[in-house]
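Dear colleague,

Please find below the structure that I am passing on to you.

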Amino acid sequence: MEKIKAFFKKQWVKHLMVMIGISIVLLFLISLFIKLYARQGKEFVMPQFAVSDSTPGKTVEEAMAANDLDLEFVILDSVYTPGIKAGLILTQDPLAGTMVKKGRKVYVSVASASAADIIMPELTGLSVRQATSEIYACGLKVGNLTFVDDPFKNNVKEQKVKGRPIYAGQKVAPGTVIDLVVGNGDGSGGVPVPFLIGKTSEQAHRDIHSLSLNVGREHFNGVKDKASAVVYRQEPDYTGVNKHPFGTRIELWYIDASDADVQKMISDFRVDSSKIFDNPELPDPDDDEDNSDAIW
């Protein structure tokens, strides 16, 4: 016992004991600090802020005011989404339902008010088919095709927006309607109208324009969803034989896709032989009635 007491009375032993004691206290304090800083054991369920099938979504300001987790929102991207109100959160990370701690950073993308402008492509010199393909590929729409005297048949001479020339390199809004002025060569020739039964408005427009024809009046009587509605009648009818002048307008009638059996409509279609004519005298497309009610 005396030896033990004598041992602990030694100076270096006392210093060692003090150092061990200080180390224990420091380890305890560090552990406590880490626990408090990391909020161990205090996790919460991440709320749903983004637009979903079950929730209308919130703006970043609404999300900040609606939660008590002191979340920090970081906007990574702004995306134009048709039908979604500008400012609403489209995506969030972490996802809703994830366990998170207070003060967590939440990375979000939000809906922008409008889509980025599109750089107008150069269409002059292209065929109508090439120009049509280019227009739709850029997120624009084809409007009216006007044919003028020019030795180069089906060659695009001008590109216009609302009657005014639009030049390559200019910025235009997505969905802008581009009208084309096209050469008619010697004025002869024509093209059979495409088979449009069962196609949506967008598909029908593409097929019509790519053949240097125009979209005439469109009838959506009783249709609930114009975007998905399909053609059940067209005028002139499809025969696969009769040729019509470039620029001829195709009138279309639509029905809701939910009310149409497209495959049956196509399989039941029969060409009306009484409407097939031999060596027709092509009518002048400029004699067509005004198309001011057409829907582009």
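The protein chain contains 6 helices and 14 strands. Please bear in mind that this is a predicted model. The chain has 296 residues, of which 32% count as buried. Its exposed surface comes to about 18400 Å², and carbon and sulfur atoms supply 55% of that area. Among contacts between residues at least 6 apart in sequence, 74% join residues at least 24 apart.

I begin with the sheets. One of them is an open sheet of 4 strands, arranged in the order E7-E11-E8-E9, with mixed pairing. Strand E7 (141-148) and strand E9 (164-165) each have a single partner strand and stand at the edges, so one side of each is left without a neighbour in the sheet. E7 runs parallel to strand E11 (residues 177-183), and 6 bridges join the two. Within this part of the model, Val-148 stands opposite Gly-183 in E11.

A helix accompanies this sheet. H4 lies across E7, strand E8 (156-161) and E11, and runs at about 155° to E7. Helix H4 spans residues 128-137 and includes Arg-129. Leaving aside neighbours within four places in sequence, Arg-129 is in contact with Ser-210 and Leu-211. Arg-129 and Ser-210 are 81 residues apart in sequence, yet their C-alpha atoms are 4.4 Å apart in space.

A further open sheet is formed by 3 strands in the order E12-E14-E13, and its pairing is mixed. The edges are held by strand E12 (214-219) and strand E13 (230-235); each has a single partner strand, so one side of each is left without a neighbour in the sheet. Direction ignored, neighbouring strands of this sheet are turned by 35° against each other on average. E13 pairs with strand E14 (residues 249-255) in the antiparallel sense, over 5 bridges. Val-231 stands opposite Tyr-254 in E14.

Val-18, Ile-22, Val-25, Leu-26, Phe-28, Leu-29 and Ile-30 make a nonpolar surface patch of about 670 Å². One of these residues, Ile-22, is found in helix H2, which covers residues 11-38. Is Ile-22 buried, partly exposed or exposed? Ile-22 has a relative accessible area of 46% and is therefore partly exposed, as this class lies between the 20% limit for buried residues and the 50% limit for exposed ones.

With kind regards

Methods. Residues are numbered from 1 along each chain as its sequence is written. This is a predicted model: local features need pLDDT of at least 70, side-chain atom pairs count only at pLDDT 80 or more; totals for chains, interfaces and linings use all residues. Side-chain values use heavy atoms; hydrogens and water are left out. Patches are made of residues with over 30% relative accessible area and no salt bridge: like charges are joined within 9 Å, nonpolar side chains (Val, Leu, Ile, Met, Phe, Trp, Tyr) within 5 Å. Accessible areas come from the Shrake-Rupley method with a 1.4 Å probe; for residues, only the protein chains shown count as cover. A salt bridge is a side-chain nitrogen of Lys or Arg within 4 Å of a carboxyl oxygen of Asp or Glu. Buried means under 20% relative accessible area, exposed over 50%, partly exposed in between (1.4 Å probe, protein chains only). Two strands pair if DSSP finds at least two bridges between them. Axes are lines fitted to C-alpha atoms, for helices over the stretch in contact, and angles run from 0 to 180 degrees between N-to-C directions. Contact means heavy atoms within 4.5 Å.
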